[in-house]
Amino acid sequence: MEQKQDYDVVSFGMINCDVPLGPVPHDLMEHELCRIGRVAMTTGGDAMNVACTLGILGARTAVVGRIGRDAHGELVTRVAISKGVDTSFIVYDDCEDTSTSYLLFESNGSQHYVSSSLISANLSSRDLPNELLDRCSVLYFGSCFAFEQMDRGGIADAFQRAHDRGVLTAMDTSIDVDYPSGNAALEVADDALRQTDIFIPSLSEIAFLSGGETDPHKLASMMKPYGMRIFGVKLGEKGCYLTDFRQELYISPFASVEARDCTGAGDSFFGAFLRGWTLNWSLEQCGLLAVAVSGMNVTKIGATNGVPDFQVALAFLRDNEARIERREYSIR
């Protein structure tokens, strides 16, 4: 019997409360008192950012992760609901506080982070119920190298259960200095990568994973044996690289966008890409939407505060052009 798909995407993993603070002086610790602008706490964390992006763009989405029974947890839940995200599957942790990051901005645009995320050690594959996997089309996990239990087989377990139900899997990574880069990092991620259908890390993240390689085509050749359907690299101000191992696309950013805060740029990119994917768009169309949405997002302070609604994003794509370099994928 065909099952009803209540959710286009379930986003599983990191949930943060973000607190942007600034502008602060470079020698902050030398000052007894620094006066800053308005403090506007908001949502953060890869899984929450992707879920909020999807919700704003009109996708049916639910977020799964852990928060504490505290004011920060109440805030991120309230904000996520306002952006169209189902938060009913979030797990409340009675032992730890909600993960919170303080983002310190200098007047020159430099950013520094102070973060408390003890709760991340408690996230496990058991937090993702089969009931939810039975009701979704795509499972996104954010992020590899951020959760002790998930890195020790939890991601692979969640993705295997998803695949058993015909659910597509997508994953992003973070960088953890506690892991050595290169082969040691690949060994940690190996089981998860073999269960991943869509993998689009940032350039710094894939360089960490690969031991320093930064050429997108060579990186694609490294990832192809894992059997994934889509591989990409978020190239920041240079746009992105995407391949389905039949074609390669280099999509440049839109010239009309001026960045103000790059927090959450990669997550809004991934969320927008998945929105296109759930609409059965081509790889190129998904990439263009992702570049447009992430570019618009960085024009405002906050991880998803600049994400446009779907009709605004479509209008932006109609009115603006991005340079696209297309190649046939081949082993070079």
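This briefing walks through strands, helices, charged pairs and aromatic rings in one structure.

The model is predicted: local features need pLDDT of at least 70, side-chain atom pairs count only at pLDDT 80 or more, and totals for chains, interfaces and linings use all residues. Residues are numbered from 1 along each chain as its sequence is written, and side-chain values use heavy atoms, with hydrogens and water left out. The structure holds 14 salt bridges and twelve aromatic pairs.

**Terms for the fold**

- Helices (H or I, at least four residues) and strands (E, at least two) are DSSP runs, numbered from the N terminus.
- Two strands pair if DSSP finds at least two bridges between them.
- Buried means under 20% relative accessible area, exposed means over 50%, and partly exposed lies in between (1.4 Å probe, protein chains only).

**The four-strand sheet**

- Four strands form an open sheet in the order β3-β2-β8-β9, and the pairing is mixed.
- The edges are β3 (42-44) and β9 (111-116). Each has a single partner strand, so one side of each is left without a neighbour in the sheet.
- From one strand to the next, the twist averages 35 degrees. Angles run from 0 to 180 degrees between N-to-C directions, and axes are lines fitted to C-alpha atoms, for helices over the stretch in contact.
- Strand β2 (residues 16-21) and strand β8 (residues 100-105) run parallel, joined by five bridges. Leu21 stands opposite Leu104 in β8.
- Helix α2 (residues 71-82) packs on this sheet and touches β2, β3 and β8. Contact here means heavy atoms within 4.5 Å. The direction of α2 makes about 90 degrees with that of β3.

**Strand β4 and its partners**

- Strand β4 covers residues 61-64. Thr61 and Val63 point one way, Ala62 and Val64 point the other way, and all are buried.
- Strand β1 (residues 7-13) pairs with β4 in the parallel sense, over four bridges. Val10 has Ala62 of β4 as its bridge partner.
- Strand β6 (residues 85-86) also runs parallel to β4, with two bridges between them. Thr61 has Val85 of β6 as its bridge partner.

**Salt bridges**

- Side chains of opposite charge can pair when their charged atoms come close. A salt bridge is counted when a side-chain nitrogen of Lys or Arg is within 4 Å of a carboxyl oxygen of Asp or Glu.
- Arg165 bridges to Asp134, with the closest N and O atoms 2.7 Å apart. This pair links distant parts of the chain, 31 residues apart. Arg165 lies in the loop between α4 (148-164) and β11 (168-173), and Asp134 in the loop between α3 (130-133) and β10 (136-144). Arg165 is partly exposed at 33% relative accessible area, and Asp134 is partly exposed at 29%.
- Arg161 bridges to Asp157, with the closest N and O atoms 3.2 Å apart. They are four residues apart in helix α4, so about one helical turn separates them. Arg161 is buried at 14% relative accessibility, while Asp157 is partly exposed at 35%.
- Asp244 and Arg246 meet in a salt bridge at 3.2 Å, N to O. Asp244 counts as buried at 11% relative accessibility, but Arg246 counts as exposed at 61%.

**Aromatic rings**

- Rings of Phe, Tyr and Trp (its six-membered ring) pair if their centres lie within 6.5 Å; planes under 30 degrees apart count as stacked, over 60 as edge-to-face and the rest as tilted.
- Tyr140 and Phe270 have ring centres 5.1 Å apart and planes at 70 degrees, so they pair edge-to-face. Tyr140 is in strand β10 and Phe270 is in helix α8 (residues 265-278), 130 residues apart. Both are buried.
- Phe254 and Phe316 also pair edge-to-face, with ring centres 5.0 Å apart and planes at 75 degrees. Phe254 is in the loop between β15 (247-251) and α8, and Phe316 is in helix α10 (residues 310-319), 62 residues apart. Phe254 is buried at 6% relative accessible area, and Phe316 is buried at 13%.
- Ring pairs link Phe199, Phe231, Tyr241 and Tyr250 into a cluster.
- The charged end of Arg275 sits over the ring of Phe310, 5.4 Å from its centre. A charge sits over a ring if NZ of Lys or CZ of Arg is within 6 Å of the ring centre and within 35 degrees of the ring normal.
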